[in-house]
Each structure stands twice: as C-alpha cells, then as structure tokens.
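This report concerns the structure shown below. Please keep the sequence and the model in view while reading.

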Amino acid sequence: MKIKLGVIGILLALLAIFIFHWTTAVISIQFFALFLAYTACVYPGAALSDGRSFWMRVEVLVSVIFLACACLGFWRSSRWLGPGYLLHGIWDWGHHTKRIDTRVISWFPPICATFDLCVAIFVAARY
C-alpha cells in the first residue's frame with residue numbers, strides 16, 4: 001500500500017510539473033509558490049479539527065516557515081521554492097512516521113511527501 005501511495009504522489013507531481021511547464025517561467029514560478037503556500041495550510045487545518053492546543057501552535061508556527069518560503073519564492077527568488085518544498089516533504093514524512101502527532105488521514109502524508117520531494121527536485125533543477 002505504501003508503494004502505491006508513493007506512486008500516486010509521483011504521478012501528481014508529474015501532472016503538476018506538466019501543467020506548469022506549459023506556462024511561462026514567471027507564471028510557473030508563481031503557481032509553484034502559491035501551491036506551496038496552499039499546502040502550508042493543510043496541517044494547521046487538521047490540527048484545528050484535532051483540537052489539541054499544543055499541536056495547533058506547532059502546526060501554525062511551522063506553516064509560517066512554508067509560507068515565508070513561498071512568499072520569498074514569489075517576490076524575491078525562485079530559489080526559495082526548492083527548500084520550501086523539501087522542508088514540507090520532510091514535515092509530511094514526520095506525520096507519516098507519527099513523530100509529529102497531529103491527527104491526519106493516513107494516506108495523505110506519504111502522497112504529499114512524495115509529491116513535495118519530486119517538486120523540490122524539479123524546482124531546484126529548473127529555477
């Protein structure tokens with residue numbers, strides 16, 4: 001099952017890369033930045049529904065890092081996007097391995113981690 005989830009993450013990353021590849025470089029960077037900012041909201045949302053205040057604070061604090069990478073990638077340099085996606089992929093992996101105890105549906109972290117790591121590699125190599 002875990003391998004299938006990883007394959008889904010890879011396929012979704014390839015789809016995003018394919019779609020963004022058909023736009024101009026500037027628009028592609030903007031899309032990747034906006035998507036990183038969007039994904040930064042997933043775990044804080046899960047933590048809010050979870051209701052445990054400690055994990056809500058942790059998730060909101062960490063999401064600010066991803067949002068900062070997205071903003072810097074959008075406004076300053078696309079070089080911020082690769083590390084942002086890489087860090088988010090590591091954060092996903094922490095949820096998958098249960099080192100981070102925010103309650104989230106089990107299939108999401110491995111798909112998102114694989115997606116984020118593939119996109120991090122693409123963005124770092126391309127931009």
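The report covers the overall fold, the salt bridges, the aromatic pairs and the surface.

## Model and fold

The model is predicted. Over the protein chain the mean pLDDT is 93, and 98% of the residues score at least 70. Confidence is lowest in α1, with a mean of 90, and highest in helix α5 (residues 81-96), where the mean is 97.

The protein chain contains six helices and zero strands, giving the pattern α-α-α-α-α-α along the sequence. A compact globule of 127 residues would have a radius of gyration near 14 Å, and the value of 14 Å for the protein chain agrees with this. Along the principal axes, the C-alpha atoms fill a box of roughly 40 × 35 × 20 Å. Of the 127 residues, 45% are buried.

## Salt bridges

The structure contains three salt bridges.

| Asp-50 | Arg-52 | 2.8 Å |

Arg-103 itself is exposed, with a relative accessible area of 54%.

Asp-101 is partly exposed, at 34% relative accessibility.

Helix α3 (residues 42-50) also holds Pro-44, which is buried at 12% relative accessibility.

## Aromatic pairs

A search of the whole structure finds 13 aromatic pairs. In one of them, the ring centres of Phe-32 and Phe-122 are 5.9 Å apart and the planes meet at 45 degrees, so the pair is tilted. Phe-32 belongs to helix α2 (residues 25-39) and Phe-122 to helix α6 (residues 108-126), so this contact ties together parts that are 90 residues apart in sequence. Phe-122 also pairs with Tyr-127 in an edge-to-face arrangement, at 6.2 Å centre to centre and 85 degrees between the planes.

Phe-32 and Phe-122 are both buried, and Tyr-127 is buried as well. These three residues belong to one aromatic cluster, whose members also include Phe-20, Phe-31 and Tyr-85.

## Nonpolar surface patch

Which residues form a nonpolar patch on the surface? The patch consists of Ile-8, Leu-12, Leu-15, Phe-18, Ile-19 and Trp-22, which together have about 630 Å² of accessible area. Leu-15 is located in helix α1 (residues 2-21) and is partly exposed, at 45% relative accessibility. Trp-22 is placed in the loop between α1 and α2 and is exposed, because its relative accessible area is 62% and the cut-off for exposed is over 50%. The C-alpha atoms of Trp-22 and Arg-103 are separated by 36 Å, and the two residues are 81 residues apart along the chain.

Conventions: Residues are numbered from 1 along each chain as its sequence is written. This is a predicted model: local features need pLDDT of at least 70, side-chain atom pairs count only at pLDDT 80 or more; totals for chains, interfaces and linings use all residues. Side-chain values use heavy atoms; hydrogens and water are left out. Patches are made of residues with over 30% relative accessible area and no salt bridge: like charges are joined within 9 Å, nonpolar side chains (Val, Leu, Ile, Met, Phe, Trp, Tyr) within 5 Å. Accessible areas come from the Shrake-Rupley method with a 1.4 Å probe; for residues, only the protein chains shown count as cover. A salt bridge is a side-chain nitrogen of Lys or Arg within 4 Å of a carboxyl oxygen of Asp or Glu. Helices (H or I, at least four residues) and strands (E, at least two) are DSSP runs, numbered from the N terminus. Buried means under 20% relative accessible area, exposed over 50%, partly exposed in between (1.4 Å probe, protein chains only). Rings of Phe, Tyr and Trp (its six-membered ring) pair if their centres lie within 6.5 Å; planes under 30 degrees apart count as stacked, over 60 as edge-to-face and the rest as tilted. pLDDT is the predictor's confidence in each residue, from 0 to 100. The radius of gyration is taken over C-alpha atoms; the globule rule is 2.2 Å times the number of residues to the power 0.38.
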